[in-house]
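Here is a briefing on one protein model. Keep the sequence and the 3D view open while you read.

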Amino acid sequence: MNLRPAIRLASAAFGLAALLSAALPAGAADSVDPAADAKAFQNYFTTKFPKLKPADFVNGPYSLNEDMHRQWVEKEEFPPYEFSLEMGKEMFAKPFRNGKSYADCFDNGGIGVRQNYPYFDEKEGKVITLELALNRCREANGEAPLSYVKDEMAALTAYMAFTSRGKPFDIKVPNDPRALAAFENGKEYFYTRRGQLNFSCASCHVQNPGERIRAETLAPALGILNAMPIYRSAWGGMGTISRRFTSCNSQIRGVPLEPQSDEYRDLEYYLSYVSNGLPISGPGARP
């Protein structure tokens, strides 16, 4: 890691957290207001990058650099995730051994629903992500669950994301204390420093988007999940949201949580909600 970027990252303060608190009315800083948080979050990034339209942020680092953007346009002519997309389409259509399929587990047969995940299940009192819903579908139909970080789950979510391309994130936070707590827990996880490098998610993706760390250009947090799952050149393959979260923890020399733990699901809930209105662009590709 180059010393200068490392110093900038290590010394970054919770600037956006303060901005969000300032956006709330006097006396309301201790309350949970997802709508105000999302507005302040999006305003922060559109002010930081005034030349970008909100929808541009779903392209991650490719939206921040003209040379990288040209590379991305060329890459999209023969996208590296195409093999995974075809695999996911075949998996989705293949019946389970009991004759049912994934389509039986989702609204609209699972087509064009990616933008509604994750959601808060008021009966269970927890956040349900698309990855979790797919494995629950499998288990309910007598099939073994898939790894949350391997190719099969990435392929399935790639296909479902593709059927929702262009549809804006439409994540709901119901007026339920448990849902509000899940949102706030996700926000807290996003801003909490951890690992030997003492970084938070925000250190890279709020304070320093567009900067380089090693050979990687950091993406803005706004719209960062809209392109998931992604093909990463650094991985040489596809990766799910679960893989991205666990790998980020490892990169800051922290201890990754179990995929689909409550903390990771709440984090996904928070990041998805604050990107409401931005279009689904997955599956995507990143350096």
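Is aspartate 33 buried, exposed or partly exposed? Aspartate 33 counts as partly exposed, because its relative accessibility is 29%, and the buried class takes only values under 20% while the exposed class takes those over 50%. Keep in mind that this model is predicted.

**Overview**
- The protein has eleven helices and seven strands.
- Of its 287 residues, 53% are buried.
- The accessible surface comes to about 13400 Å². Carbon and sulfur atoms hold 52% of that surface.
- Take the contacts between residues at least 6 apart in sequence: 71% of them join residues at least 24 apart.

**Around aspartate 33**
- Aspartate 33 sits in the loop between α2 (15-23) and α3.
- Aspartate 33 and valine 173 are 140 residues apart in sequence. In space, their C-alpha atoms are 9.8 Å apart.

**The nonpolar cores**
- The largest nonpolar core has 41 residues. Those with the most contacts inside this core are Phe41, Phe45, Phe190, Tyr269 and Tyr270.
- Helix α8 gives the most, with seven residues.
- Another core, of 21 residues, lies apart from the largest one. Met91, Leu146, Met153 and Ala155 are among its residues.
- Which residues does phenylalanine 190 touch, not counting residues up to four places away in sequence? Phenylalanine 190 touches Phe41, Ser200, Cys201, Ala202, Val206, Ala221, Leu267, Tyr270 and Leu271.

**Histidine 205**
- Histidine 205 is found in helix α9 (residues 201-205).
- Histidine 205 has a relative accessible area of 12%, so this residue counts as buried; the cut-off is under 20%.
- Leaving out residues up to four places away in sequence, histidine 205 touches Phe45, Ala219, Pro220, Ala221 and Ile224.

**A crossing pair of helices**
- The axes of α5 (residues 82-93) and α7 (residues 151-162) come within 7 Å. The two axes cross at roughly 90 degrees.
- That angle makes α5 roughly perpendicular to α7, because the class covers 65 to 115 degrees.
- On the α5 side, the residues that meet α7 include Ser84, Leu85, Met87 and Gly88. Their partners in α7 include Asp151, Ala155, Tyr159 and Phe162.

**Helix α10**
- The buried residues in α10 are Ile241, Ser242, Arg244, Phe245, Thr246, Ser247 and Asn249.
- Arginine 253 follows α10. The phi of arginine 253 is positive, near 60 degrees.

**The three-stranded sheet**
- Three strands form an open sheet in the order β6-β5-β7, with mixed pairing.
- Why is one side of β6 and of β7 left without a neighbour in the sheet? Strands β6 (237-239) and β7 (284-286) stand at the edges, so each has a single partner strand.
- Neighbouring strands of this sheet are turned by 35 degrees against each other on average, direction ignored.
- Strand β5 (residues 230-232) runs antiparallel to β6, and three bridges join the two.
- Tyrosine 231 stands opposite methionine 238 in β6.

Notes: Residues numbered from 1 in each chain as written. Predicted model: local features only at pLDDT ≥ 70, side-chain atom pairs only at ≥ 80, totals over all residues. Heavy atoms only, no water. Core = buried A, V, L, I, M, F, W, Y, C linked by side-chain atoms within 4.5 Å. Buried < 20%, exposed > 50% of the residue type's maximum accessible area, 1.4 Å probe, protein only. Helix = DSSP H or I, 4+ residues; strand = E, 2+ residues; numbered from the N terminus. Contact = heavy atoms within 4.5 Å. Areas by Shrake-Rupley, 256 points an atom, 1.4 Å probe, with all protein chains shown as cover. Pairing = 2+ DSSP bridges. Axes fitted to C-alpha atoms, helices over the stretch in contact; angles between N-to-C directions. Parallel < 35°, antiparallel > 145°, perpendicular 65-115°, else oblique.
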